[in-house]
Amino acid sequence: MPRISGVDIPDNKPIRISLRYLYGVGPANAQLILKEAKIDGQVRANKLTEDQLAQLATIIDSNYVVEGTLRRSVAQNIARLRDVRSYRGERHRRGLPVRGQRTKTNARTRKGKRKTVAGKKGVKAMK
Amino acid sequence: MPRSLKKGPYIDEKLYRKVEKLTQMDRREPIKTWARACTIVPEFVGHTFLVHNGKIFNNVFVTEDMVGHKLGEFSHTRTFRGHTTGTRAQRAKGSI
């Protein structure tokens, strides 16, 4: 299994798909990287030569922010919002949606599993 | 959708002039303002604003990190503090 930027990428998938196993490389970036390296995206990862892999690694390392670095910068951005006590930071701290979505219903991704409140309307009906 | 770059950031003219005046006089007293939509520009750093939230004026001391945000982002308009925990019986006893 070839390694790029400290991550194993799957052997038996086309390289344009394999690259997406890196955090920070999606469909668009995968295409751009391969275009720059002049490698056909359909070739399986295990059919690439050492040279080609090294080339991909250098392109990614020099021009793209991926994996740990990217994760850290995202975390820092959120930490900054929290530190300046902005509205967005407050929403992050509370685990509520940040971009103005409704919270009367839905918003379960941010709020997590439903917490049933005893005595609230409809709880008896559920039994 | 973000604001058009052509227009540049929205800055409340009056507020900006007031800040400049204070900076010139080298004074740093709080500025009372309703201009929540005004973008914080680097010139504001170090000043204190009293930003209206619809009811009261909240103290906002501007730091370098706040540049690019709006004044209103730091003066919250809602008061929700969270739900109480525990059951009704526990709350009545006063254990929570």
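A nonpolar core is taken here as a set of buried Ala, Val, Leu, Ile, Met, Phe, Trp, Tyr and Cys residues joined through side-chain atoms within 4.5 Å, where buried means under 20% relative accessible area (1.4 Å probe, protein chains only). This is a predicted model, in which local features need pLDDT of at least 70 and side-chain atom pairs count only at pLDDT 80 or more, while totals for chains, interfaces and linings use all residues. Residues are numbered from 1 along each chain as its sequence is written, and side-chain values use heavy atoms, with hydrogens and water left out.

**View 1. The largest nonpolar core of the model.** This core has 20 residues, and those with the most contacts inside it are Ile4(A), Ile15(A), Leu19(A), Ile33(A), Leu56(A) and Ile60(A). Helix 2 and helix 3 of chain A are the elements that give two or more residues to it, helices being DSSP runs of H or I with at least four residues, numbered from the N terminus. A second, separate core of 17 residues includes Val84(A), Leu22(B), Ile40(B) and Val62(B).

View 2. Ile39(A) counts as buried because its relative accessibility is 8%. Leaving out residues up to four places away in sequence, Ile39(A) touches Ile15(A), Leu34(A), Leu48(A), Gln52(A), Gln55(A) and Leu56(A), contact meaning heavy atoms within 4.5 Å.

**View 3. Contacts of Leu56(A).** Apart from neighbours within four places in sequence, Leu56(A) is in contact with Ile4(A), Ile15(A), Ile33(A), Leu34(A), Ala37(A), Ile39(A) and Leu48(A).

Definitions and conventions:
Chains are lettered from A and ligands numbered from 1 in the order in which they are written. Buried means under 20% relative accessible area, exposed over 50%, partly exposed in between (1.4 Å probe, protein chains only).
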